[in-house]
Amino acid sequence: ALTAQEIKPFDAKPGLWESTMTMEISGMPAMPAMPQLTPEQLAKIPEAQRKQMEAMMNGRGGAGSPRTFTSKSCTTREEINKGLAFSDKNQANCTRKIVSSSSSKVEMHVECAPDKTNMTVVSDITVERLDAEHVKVSGASKSTGTGAGNGAARTMDMKFTVASKWLSADCGDVKPAGEK
């Protein structure tokens with residue numbers, strides 16, 4: 001791990017960023033089968049609830065099918081200078097070590113102790129600068145433990161990529177990690 005003095009400031013703009021993450025997970029426990037409803041039973045469910053149920057069922061996908069999420073975050077100059085920008089800063093039970101850093105690339109190793117999920121997570125993450133307003137993140141995580149389910153030991157592997165783009169210097173109502 002590098003010391004604070006060895007970490008080179010990453011060359012990206014502070015402010016409001018939008019990130020789109022795509023991840024593939026293997027080793028997830030199977031979801032319980034949903035009971036099949038007859039057309040008559042479906043007709044009795046209010047439309048809003050029926051649409052929500054259908055969306056949930058369609059979005060579940062099989063194990064290993066890619067899932068995509070988009071979010072906005074407020075990144076401070078301090079996070080960028082410490083090499084911690086563009087990683088999940090909301091997990092208090094995690095230790096982050098910067099393995100290498102330059103103005104265009106940061107490699108980090110993250111270890112998260114078990115929390116309510118009873119899973120230990122180890123991740124290796126690479127953050128690459130495309131330009132001051134575009135960043136690409138890629139990485140892999142391995143989770144081991146019993147999970148919140150039946151107590152059986154299991155392992156899950158996750159590969160992820162994140163495309164982040166700078167939106168503005170003003171974060172508006174999006175607060176930096178750790179602020180209310």
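## A buried pair of cysteines

C94 and C112 are both buried, where buried stands for under 20% relative accessible area, exposed for over 50% and partly exposed for anything in between (1.4 Å probe, protein chains only). Before going further, please keep in mind that this is a predicted model, in which local features need pLDDT of at least 70 and side-chain atom pairs count only at pLDDT 80 or more, while totals for chains, interfaces and linings use all residues. Residues are numbered from 1 along each chain as its sequence is written, and side-chain values use heavy atoms, with hydrogens and water left out.

## The disulfides

C94 and C112 form a disulfide, with 2.0 Å between their sulfur atoms; the term covers a pair of cysteine sulfur atoms within 2.5 Å. The torsion about the S-S bond of C94 and C112 is about 105°, so this disulfide is right-handed. The pair links distant parts of the chain, C94 in strand β3 (residues 94-101) and C112 in strand β4 (residues 105-112), 18 residues apart. Strands here are DSSP runs of E with at least two residues, numbered from the N terminus.

By the sulfur distance rule, the count comes to two disulfides. In the other bond, C74 and C171 have their sulfur atoms 2.1 Å apart. This link also joins distant parts of the chain: C74 belongs to strand β2 (residues 67-75) and C171 to the segment after β7 (154-168), 97 residues apart. About the S-S bond of C74 and C171 the torsion is about 80°, so that disulfide is right-handed. C74 and C171 are both buried. Counting bonded cysteines along the chain, the disulfides follow the pattern 1-4, 2-3.

## Salt bridges

Let us turn to the charged side chains. The structure holds six salt bridges, each being a side-chain nitrogen of Lys or Arg within 4 Å of a carboxyl oxygen of Asp or Glu. One of them joins K165 to E18, with the closest N and O atoms 3.7 Å apart. Because K165 lies in strand β7 and E18 in strand β1 (residues 15-26), this pair ties together parts that are 147 residues apart in sequence. K165 is partly exposed, at 38% relative accessibility.

K105 has a relative accessible area of 33% and is partly exposed, and E107 counts as partly exposed at 27%. E128 and K136 form a further salt bridge, their closest N and O atoms being 3.8 Å apart. E128 is partly exposed at 26% relative accessibility, as is K136 at 40%.

## The nonpolar core

The largest nonpolar core has 24 residues, and those with the most contacts inside it are F10, F86, I125, V127, V135, V137 and F160. Such a core is a set of buried Ala, Val, Leu, Ile, Met, Phe, Trp, Tyr and Cys residues joined through side-chain atoms within 4.5 Å. At least two residues of this core come from each of β1, β3, β4, β5 (119-131), β6 (134-145) and β7.

Leaving aside residues up to four places away in sequence, V135 touches F10, A12, W17, F86, V127, E128, L130, V162, A163 and S164, a contact being heavy atoms within 4.5 Å.

## A charge over a ring

The charged end of K13 sits over the ring of W166, 4.2 Å from its centre. The criterion asks for NZ of Lys or CZ of Arg within 6 Å of the ring centre and within 35 degrees of the ring normal.

Key:
Helices (H or I, at least four residues) and strands (E, at least two) are DSSP runs, numbered from the N terminus.
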